[in-house]
Amino acid sequence: MKKTTIGFAMTGSFCTFEAVLAQMEELVKRDYDILPILSNHAAQLDTRFMTARHLHERLRAITGRDPIETLQEAEPIGPKKLTDVYLIAPATGNTLAKLANGIFDTPVLLGAKSHLRNDRPLVLAVSTNDALSTAAQNIGRLMMWRNVYLVPFRQDAAFQKPRSLVADFSLIPKTISSALCGVQLQPISGAPLGFSTEDHPK
């Protein structure tokens, strides 16, 4: 039987890359075929979290493939039906804003547009410090789109960054399995990480 192919697209929330790559490895263990796709920034920028070269090496080691990095490479995803489900993890505020407003000017976004033409699921793993402010309207709009599913998320630093949300990346496999059945994994939001009522400022 043909393996289920996941278009695994990464954008520039660099601090989450290790957690995201761990889930990519988990999906390979679960016998999914992974097609990696990188945004321009994810593909090119060196940061204190990871160099671009190291990211490319990790992707090749995990998937056995070179990542898609250009618009020309991303465009055939839909016409050739290369992906059964398309995951954007991490999905930054910038990516969410462009997607919600029909701007498809990066390999990740054009790949998502191309994939959606086949009426197949798009899964978003949000990671942005502005999720409960400027990005909130875009998240809300995308939640209403047909075939769009969100990895459940939570506040990652409720008092230090009160508007920040990060997906629970450990739920990526369950969210993908659920999305392939046309169901949003619930609950979609959880308690803040490490939250205790005793932590609340007096």
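User: Where is the place of D31?

Analyst: D31 sits in the loop between α1 and β2 (33-38). Helices here are DSSP runs of H or I with at least four residues, strands are runs of E with at least two, and both are numbered from the N terminus. This is a predicted model, where local features need pLDDT of at least 70, side-chain atom pairs count only at pLDDT 80 or more, and totals for chains, interfaces and linings use all residues. Residues are numbered from 1 along each chain as its sequence is written, and side-chain values use heavy atoms, with hydrogens and water left out.

User: What is phi of D31 near?

Analyst: Start with the general idea. Most residues other than glycine have a negative phi, and most peptide bonds are trans. Phi of D31 is near 75°, a positive value in a residue other than glycine.

User: Which residues does a cis peptide bond join?

Analyst: P90 lies in strand β3 (residues 85-91). A cis bond also joins Q186 and P187, with omega about -10°. P187 belongs to the segment after α8.

User: How do I read helix packing? At what angle do α1 and α3 pack?

Analyst: Axes are lines fitted to C-alpha atoms, for helices over the stretch in contact, and angles run from 0 to 180 degrees between N-to-C directions. Angles under 35 degrees count as roughly parallel, over 145 as roughly antiparallel, 65 to 115 as roughly perpendicular, and the rest as oblique. α1 and helix α3 (residues 52-63) pack at about 15°, with their axes 10 Å apart. α1 and α3 are therefore roughly parallel to each other.

User: Which residues make that contact?

Analyst: Contact means heavy atoms within 4.5 Å. F17, E18, L21, M24, E25 and V28 of α1 meet L55, R58, L59, I62 and T63 of α3. By class, that contact has 7 nonpolar, 1 polar and 3 charged residues. Nonpolar covers Ala, Val, Leu, Ile, Met, Phe, Trp, Tyr, Cys and Pro; charged covers Asp, Glu, Lys and Arg; the others, Gly among them, are polar.

User: Is the crossing of α1 and α3 left-handed or right-handed?

Analyst: A crossing is left-handed if the near helix is turned anticlockwise from the far one by less than a right angle, and right-handed if clockwise. α1 passes α3 in a right-handed crossing.

User: How does α1 pack with α8?

Analyst: Helix α1 (residues 17-29) and helix α8 (residues 172-180) pack at about 55°, with axes 9 Å apart. That makes α1 oblique to α8. Q23, E26 and L27 of α1 touch I172, P173 and I176 of α8. The classes are 4 nonpolar, 1 polar and 1 charged.

User: At what angle do the axes of α5 and α7 cross?

Analyst: The axes of α5 and helix α7 (residues 136-143) cross at roughly 50° and come within 9 Å. That makes α5 oblique to α7. The crossing of α5 and α7 is left-handed. L96, A97, L99 and A100 of α5 contact N138, I139, R141 and L142 of α7.

User: How many residues line the largest pocket?

Analyst: On a 1 Å grid over the protein atoms alone, a pocket is an open set of points with protein on both sides within 12 Å along at least five of seven lines; lining residues have an atom within 4 Å of a point. The largest pocket is lined by 13 residues, and S39, H41, T92, N94 and T95 lie nearest its centre. α2 (40-44), α5 (93-100) and α6 (107-116) each give two or more lining residues. The lining has 3 nonpolar, 9 polar and 1 charged residues.

Technical notes. 1 Å grid on protein atoms, 1.4 Å probe; cavity = no way out; pocket = protein on both sides within 12 Å on 5 of 7 lines; lining within 4 Å.
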